Structure formats: structure tokens, C-alpha cells
Amino acid sequence: MNTLQNILFAVGGLAFGTLAAYVNYRVSRKGVKHTTMAAIMGTNAVRMLVDIAALLAAFFVGRLFGLSYLVTIVPVALGLSIFGMIFLKRLTKQFTEEEDNSKDGGE
């Protein structure tokens, strides 16, 4: 494979990892509203399954095209990690603002 193809696969892996991080964000957003232990555990299990599925997909695509891990799994892991933190910050900010608004409205 030439360098351009490696770059395209790496960018695609980063985009795929970002998509998986967004799915995790949406799952977390729905799960935050539930306070039972089973709901929290279920939310975490679903998020973990999304992470595993994304990394497995990257692994098998890499094996299919004969690419190294550096080109396939690392960009997906970076997308999951970096954009997962960005989405988590966004989720935290959103719920903090909602909590502040509910406190201001209650006075």
C-alpha cells in the first residue's frame, strides 16, 4: 500500500472512532437520566460494547487490507479517546447548565 492509502485509512479510522464516540455520547445522554444501579451498569455495558465493536471492526479491516495496527486501530482509539472526552465535557456542561437553571427557577 502506498502512503496516500495509509493516510486515507488513518483518517477514515479517526472518523470511525469519532462516530463511535458520538454513539457513546448519545447512550450516556439517555443513561444519565436513570439513577438505578442496573441502568447505570447497562449504560456502561453498552458503551463498552460500542468501543469493542469499533476496535474489532478496525482490526478486521486492517487484516483484510493487510495494514499495520498503526494505520487502523490507533486512529480509531484516538477518535474514541479524544472525541469521547470532548463529548463528555459537552454532556457535563449541558447537565450543569440544566441543574443551574432548575435551581434558579426553584427560588
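At 34% relative accessibility, L14 counts as partly exposed, where buried means under 20% relative accessible area, exposed means over 50%, and partly exposed lies in between (1.4 Å probe, protein chains only). The model is predicted: local features need pLDDT of at least 70, side-chain atom pairs count only at pLDDT 80 or more, and totals for chains, interfaces and linings use all residues. Residues are numbered from 1 along each chain as its sequence is written, and side-chain values use heavy atoms, with hydrogens and water left out.

L14 is found in helix 1, which covers residues 3–31; helices (H or I, at least four residues) are DSSP runs, numbered from the N terminus. Not counting residues up to four places away in sequence, L14 touches P75, V76, L78 and G79, with contact taken as heavy atoms within 4.5 Å. The C-alpha atoms of L14 and P75 lie 4.6 Å apart in space, although 61 residues separate the pair in sequence.

L14 also belongs to a nonpolar surface patch, together with L70, V74, L78, I82, M85 and I86. The accessible area of these residues together is about 630 Å², as given by the Shrake-Rupley method with a 1.4 Å probe; for residues, only the protein chains shown count as cover. Patches are made of residues with over 30% relative accessible area and no salt bridge, with nonpolar side chains (Val, Leu, Ile, Met, Phe, Trp, Tyr) joined within 5 Å and like charges within 9 Å. A salt bridge here is a side-chain nitrogen of Lys or Arg within 4 Å of a carboxyl oxygen of Asp or Glu. Helix 3 supplies the largest share of the nonpolar patch, 6 residues. I82 has its place in helix 3 and counts as partly exposed, at 39% relative accessibility.

Helix 3 spans residues 69–106 and also holds D100. On the surface, D100 gathers with E97, E98 and D104 in a patch of negative charge. D100 is partly exposed, at 37% relative accessibility. E99 lies in helix 3 too and is partly exposed, with a relative accessible area of 46%. Between the C-alpha atoms of E99 and L64, which are 35 residues apart along the chain, the separation is 48 Å.

Turning to helix 2 (residues 37–65), A58 has its place here. A58 is buried, because its relative accessible area is 8%. Leaving aside neighbours within four places in sequence, A58 is in contact with T72, I73 and V76. Of these, V76 is 18 residues from A58 in sequence and 7.1 Å away in space, C-alpha to C-alpha.

I40 lies in helix 2 as well, but is partly exposed, with a relative accessible area of 36%. The contacts of I40, leaving aside neighbours within four places in sequence, are H34 and T35. From C-alpha to C-alpha, I40 and S28 are 9.2 Å apart in space and 12 residues apart in sequence.

Conventions: Lys and Arg count as positive and Asp and Glu as negative; His and the chain ends are not counted. The place of a charge is taken as NZ of Lys, CZ of Arg, CG of Asp or CD of Glu. Helices (H or I, at least four residues) and strands (E, at least two) are DSSP runs, numbered from the N terminus.
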